[in-house]
Amino acid sequence: MVRYGARKKRRTPRRIWILLAVMVVLAVGGAVIARQRYYSYLEPLSRNQTSQIFVVSPGNSVKEIADNLQTARLIRSSWAFQLYVQRNDQAKLLQAGTYALSPSQSIPDIATTLSRGKVATKLVTILPGRRIDQVRADLINSGFSPSAVDRALEPHRYSDLPALADKPKSVRTLEGLLWPESYQKQPNTDPSVIVRESLIAMGKHLTPDVRAGFAKEGLTTYQGITLASIIEQEVSKPGDRAKVAQVFLSRIKSGSPLEADSTARYGSIAAGLAPNLNYDSPYNTYLHKGWPPSPISTVSEGSLHAALHPSKTHWLYFVSGDDGTTYFSTNLQDHEANTRKYCHKLCNN
């Protein structure tokens, strides 16, 4: 029984609920799209690994730094950079200085470079597997001026050192000759001091036994370093390096081209292009037989040892699978089968 004067409860029209549901769906969908776009903008702008100088001036705001990075075509999005450094508490850590950056770096990589305080570090590290242009960028990012670094990387300054004794005169860089290690840096240290110490360290590793070991394989010391640098780039697992050394030495001795992806990519990168297996350069060992003109990166102790002590196997081919495993074979048919079975993402790239 309804009492006199009581109001009948009104029901919310169905169309209102539908409208609210649509609005919720749109809001959630928009948030998902924005999130996906944000993460895509964090990715590198391109595969071009050529470094360029980027200056952060004292007093630059985060927005100014982000806008300048986008204008220089080093990042995809200014707002993504700003959001990233804010979310990761790096906004107040960005430091004024001169940096060497490339479009192949992601926003997290660039933000780390600008905020890690590399300018003030007391150690300068040369890493294994770094091309000479990457070493240059690392030295600049350690606080040295670009002009000082360029002077320090001129080979003629170190002609008295054993590490350069086997370098052909036609090669005008220190590619592959710097020994990876951490070196002390003082406020007044010139980068040539770091480079000289690194070359001296390489000379100490090129002992008479090492030189004799390369000669036993029919290699000059410079070719041995070149082989070690290719091994460094081709595989990361220590257990695979000696097998890869055997593959490349067997191919050279049989008169077959090396067909090393790493050397072909190096040639295109050196020309200022994105990594490309089809670019015709003296480093493209698919197109040109024999050793490339120079090493393609710094080497490690493990790769140098593998070049000196190749395995006793009889492989002629190998492919690095998407799972990180290296698959070896003795004939082209098996190699192509391994490639189809294990290498999809990496081989497509």
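I began with Lys253, which is exposed at 57% relative accessibility (buried is under 20% relative accessible area, exposed over 50%, partly exposed in between, with a 1.4 Å probe and protein chains only).

I noted that this is a predicted model, where local features need pLDDT of at least 70, side-chain atom pairs count only at pLDDT 80 or more, and totals for chains, interfaces and linings use all residues. Residues are numbered from 1 along each chain as its sequence is written, and side-chain values use heavy atoms, with hydrogens and water left out.

Next I looked up the partner of Lys253. Glu217 makes a salt bridge with Lys253, with the closest N and O atoms 3.1 Å apart (a side-chain nitrogen of Lys or Arg within 4 Å of a carboxyl oxygen of Asp or Glu). Glu217 sits in the loop between α8 (208–216) and α9 (221–234) and Lys253 in helix α10, so the pair ties together parts 36 residues apart in sequence. Helices (H or I, at least four residues) and strands (E, at least two) are DSSP runs, numbered from the N terminus.

I then counted salt bridges: the structure holds 10. One of them joins Asp67 and Lys63 at 2.7 Å between the closest N and O atoms. Both residues lie in helix α2 (residues 62–71), 4 residues apart, about one turn of the helix. Asp67 is partly exposed at 26%, and Lys63 is partly exposed at 47%.

Arg130 and Asp138 also form a salt bridge, 2.9 Å from N to O. Arg130 is partly exposed at 23%, whereas Asp138 is buried at 18%.

Last, I checked phi. Asp89, not a glycine, has a positive phi near 55°. Asp89 lies in the loop between α3 (78–87) and β2 (97–101).
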